[in-house]
Structure formats: C-alpha cells, structure tokens
Amino acid sequence: MAKIALYLAGGGARGAYQAGVLKAICHILNVKKLPFAMVSGVSIGCINAAIIAQHADDFYTGVEKLENLWANIHCQQIFNSSNYELSKSVVRNLSNIIIKQRESGHLLDTTPLQKFISDNIDFERIKANIASNQLETMEVISNCYETQQTISFYQHHEPQFEDWNYPRHISRRADIGSQHILASSALPLFFPTVKIDGNHYGDGGMGLVAPLRGAVRFNVEKILILGTRQIPIFPEHENLSNGSIGFAHILGNMLNGLFLDNLDRDIEMVNRMNDIERLLSMWKKRRSPWRPIETLHLRPSTNIAEMAQAQYQTMPGLLRVLLNLLGAQSHSGDLLSFLLFEKEFTREIIELGYNDTIASSAEVTAFFA
C-alpha cells in the first residue's frame with residue numbers, strides 16, 4: 001500500500017469540518033487501523049491530528065472521539081469567555097497602551113484550552129504508537145517570534161532522520177507534548193504565545209510558505225489534504241453596507257491570507273513538479289531528486305464564513321459586543337468562523353464535511369486504492 005500522509009490545515013473553529021471529512025473517510029474505507037503513515041497539522045489541525053494519532057490502532061474510535069468533541073464544544077472550553085474574564089482582558093490591553101505590562105499582546109485567556117488538550121490527548125499513547133510503528137511520523141507546525149521561522153516539530157519512528165534547514169522553515173525532532181499543540185494553535189492577537197526552550201511560539205500558519213514540505217521530506221507517496229475554506233470566489237465588486245471596510249473585515253482577510261491561501265499555492269507547486277517529472281525522459285527520471293506525489297484536497301463546498309454569520313447570536317455575550325464593534329456582525333463571517341467554538345455552528349460544518357466527502361466517495365476510494 002502507498003505511504004499516505006494526512007495534512008490538516010488550520011482555521012480555528014472551522015476545524016470541525018475535518019471531523020466530518022474523517023468520519024466519511026472512515027465509513028468509505030471501513031478499515032480498522034489509521035490509513036495514514038504520517039499525520040501533520042497546523043493550528044487547530046494539529047489538535048485534530050493528535051486525537052487521530054493517539055488512536056492509530058483504531059481509526060473508528062479516533063474519528064468517533066473527534067466528532068463527539070466537536071459536536072459538543074463551547075467557547076468556554078477553548079478560552080475564558082465570561083463577561084468578567086473578557087472585561088479583564090480588555091482593561092489589561094488598554095492599560096498596556098499607557099503603562100507597559102508584562103502580560104500583553106492577546107485578547108483571550110486560553111487556560112481552558114490547556115485543560116482541553118490534557119484531558120483529551122494522551123501524548124504517551126502517541127509516542128507508543130510511533131514506537132510500535134502504528135504511525136510512522138507526526139508533525140506539528142509552529143512559528144517562532146524571535147527567529148521569524150516556521151518550525152516543524154516532529155516525532156519519527158526511525159531513530160535517525162536528517163533535519164531540513166531552509167532560511168524560513170526548519171525541522172526539529174521532539175517528544176510532541178501539549179506545549180507544541182498550544183503553540184501551533186496560538187492565534188495571533190487573540191491567543192497568548194507559548195514558550196518553548198526560552199523562545200515564544202505562535203500559530204504555525206504565520207509565514208508558512210510550504211505547508212506540505214514535511215510530508216514531502218518524509219518521503220510519502222500521497223498526501224490527503226483537509227482544508228477549511230471553499231475554493232475562493234472573487235466577485236467583480238462587493239457592495240459594503242456603509243461604504244467602508246471595518247476592522248473585522250480586514251482582520252478576517254488577514255487571517256485567510258496567513259493561514260489558508262499558502263496551502264493552495266503549495267498544492268499548485270507539488271502538482272507542477274509532478275507535471276515536470278512526467279515530461280522527463282526515463283533516463284533523467286532515474287537521476288531526478290523529485291518523485292511524483294499524488295494529492296487529494298478535500299475542502300468545503302459552502303462558504304463557512306456565511307454559515308458563521310448565521311450563528312452570530314451563539315457567540316458569548318461580551319465577545320459578541322466586542323466583535324460587533326469591529327464590524328464582525330455586519331460584514332466579516334471570516335473572523336467569526338475562526339472563533340465560533342459553539343456546537344450550533346460546529347455541528348453544521350461537521351455535517352457539511354461528511355456530506356461533501358460522501359459526495360466525493362469515488363475520488364476518495366481511487367485515492368486510497
């Protein structure tokens with residue numbers, strides 16, 4: 001069987017879509033073990049990847065757990081969303097403008113996320129699965145603020161593996177733990193950075209030029225990519241409600257650009273290299289460092305940002321007020337969709353992920369054949 005990697009993109013609460021896709025794949029393939037030699041994730045994708053990785057010996061159980069977590073989630077499990085805690089955060093950030101504070105640079109307290117990770121991810125089990133070769137590799141992608149580099153933390157079955165050291169992207173072998181997951185998930189401006197070995201780390205989507213680099217370097221033959229954004233549609237002209245663009249609209253576009261757009265470019269690059277390889281003569285192919293890598297990109301068929309706006313009222317009260325001041329209610333569902341960790345929203349996109357994948361069952365079956 002071909003060596004297949006699973007890459008799980010970031011996207012905040014949009015990550016529930018991946019739970020639906022994996023549920024459908026489980027039903028389509030009907031296999032006991034995880035059908036991937038490698039799992040790789042960035043931001044929310046690395047949380048999904050870790051839950052799947054700990055159940056590498058039982059794909060169905062891992063998918064069932066992932067679906068249950070997303071189908072019953074609340075913002076309070078990810079960040080302190082009470083009016084009191086949010087008020088404290090607002091005061092802290094405003095005071096930092098006048099008086100320098102030690103703790104600053106984020107809006108939300110993610111202490112609940114730390115508990116969520118420790119309660120639901122067994123890192124020793126992941127380590128045991130990799131040691132027993134139930135899973136060959138796990139990669140968690142983060143970004144270091146001090147060095148301005150993308151860091152791929154990885155655990156590998158083989159004791160020796162040659163790291164890569166590109167100017168903007170390096171790899172580092174590590175025993176993956178909660179700090180790596182927290183770091184990769186640290187959405188800039190909203191979530192606090194995480195210290196690892198004295199440096200500050202944040203969301204791995206920042207500056208991630210080549211999301212699939214790890215999978216390529218780990219010599220996989222196929223990559224299944226689970227995105228969280230539909231194929232971009234660019235209208236000729238967008239009519240704004242008040243003739244201006246609000247802060248939430250700008251921030252939503254920025255998050256899309258940082259965390260979602262580079263994936264499309266990297267897939268295009270892999271496919272272009274495949275095209276070049278097919279044009280080479282047999283003599284040159286034997287000497288070429290590139291080998292064909294088949295990709296399958298499963299992504300939403302519906303605009304998740306619009307789905308988020310329809311669920312605006314499920315957002316915690318004060319946070320809803322703050323986002324409304326930024327213009328989120330009137331215009332930017334993109335920003336809402338990153339932060340709307342509420343079951344009314346996530347259940348809809350779990351179902352969307354499942355239905356989209358079932359509709360592509362022939363393509364999925366051919367990919368795994």
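This is a predicted model: local features need pLDDT of at least 70, side-chain atom pairs count only at pLDDT 80 or more; totals for chains, interfaces and linings use all residues.
View 1. Leaving aside residues up to four places away in sequence, the contacts of H180 are V140, F153, A174, D175 and I196.

**View 2. M138 and the nonpolar cores.** The largest nonpolar core holds 85 residues, and within this core M138, I181 and L224 touch the most other members. When residues up to four places away in sequence are not counted, M138 touches V39, C46, A49, A50, A53, I126, I130, F153, Y154, Q155, I176 and I181.

**View 3. Aromatic pair of F36 and F368.** The chain contains 10 aromatic pairs, and one of them joins F36 to F368 in an edge-to-face arrangement, with 5.8 Å from centre to centre and 65° between the planes. F36 is located in the loop between α1 (16–29) and β2 (38–42), whereas F368 is part of helix α16 (residues 361–368), so the pair ties together parts of the chain that are 332 residues apart in sequence. Both partners are enclosed by the protein: F36 is buried with a relative accessible area of 3%, and F368 counts as buried at 9% relative accessibility. The two rings also belong to one aromatic cluster, which is formed by F36, F59, F367 and F368.

**View 4. Aromatic pair of W70 and F341.** W70 and F341 form a stacked pair, in which the ring centres are 6.2 Å apart and the planes are at 15° to each other. Because W70 lies in helix α3 (residues 59–71) and F341 in the loop between α14 (333–339) and α15 (343–359), this pair ties together parts that are 271 residues apart in sequence. W70 is buried, with a relative accessible area of 4%, and F341 is likewise buried, with a value of 3%.

**View 5. D264 in helix α10.** D264 is found in helix α10, which covers residues 261–279. With a relative accessible area of 23%, D264 is classed as partly exposed. The C-alpha atoms of D264 and I231 are 9.2 Å apart in space, while the two residues are 33 apart in sequence.

**View 6. The chain as context for the close-ups.** The chain comprises 16 helices and 10 strands, and 53% of its 369 residues count as buried. Among the contacts with a sequence separation of 6 or more, 75% are between residues 24 or more positions apart. The accessible surface of the chain comes to about 16,800 Å², and carbon and sulfur atoms contribute 53% of this area.

How values were computed:
Residues are numbered from 1 along each chain as its sequence is written. Side-chain values use heavy atoms; hydrogens and water are left out. Rings of Phe, Tyr and Trp (its six-membered ring) pair if their centres lie within 6.5 Å; planes under 30 degrees apart count as stacked, over 60 as edge-to-face and the rest as tilted. Helices (H or I, at least four residues) and strands (E, at least two) are DSSP runs, numbered from the N terminus. Buried means under 20% relative accessible area, exposed over 50%, partly exposed in between (1.4 Å probe, protein chains only). Contact means heavy atoms within 4.5 Å. Accessible areas come from the Shrake-Rupley method with a 1.4 Å probe; for residues, only the protein chains shown count as cover. A nonpolar core is a set of buried Ala, Val, Leu, Ile, Met, Phe, Trp, Tyr and Cys residues joined through side-chain atoms within 4.5 Å.
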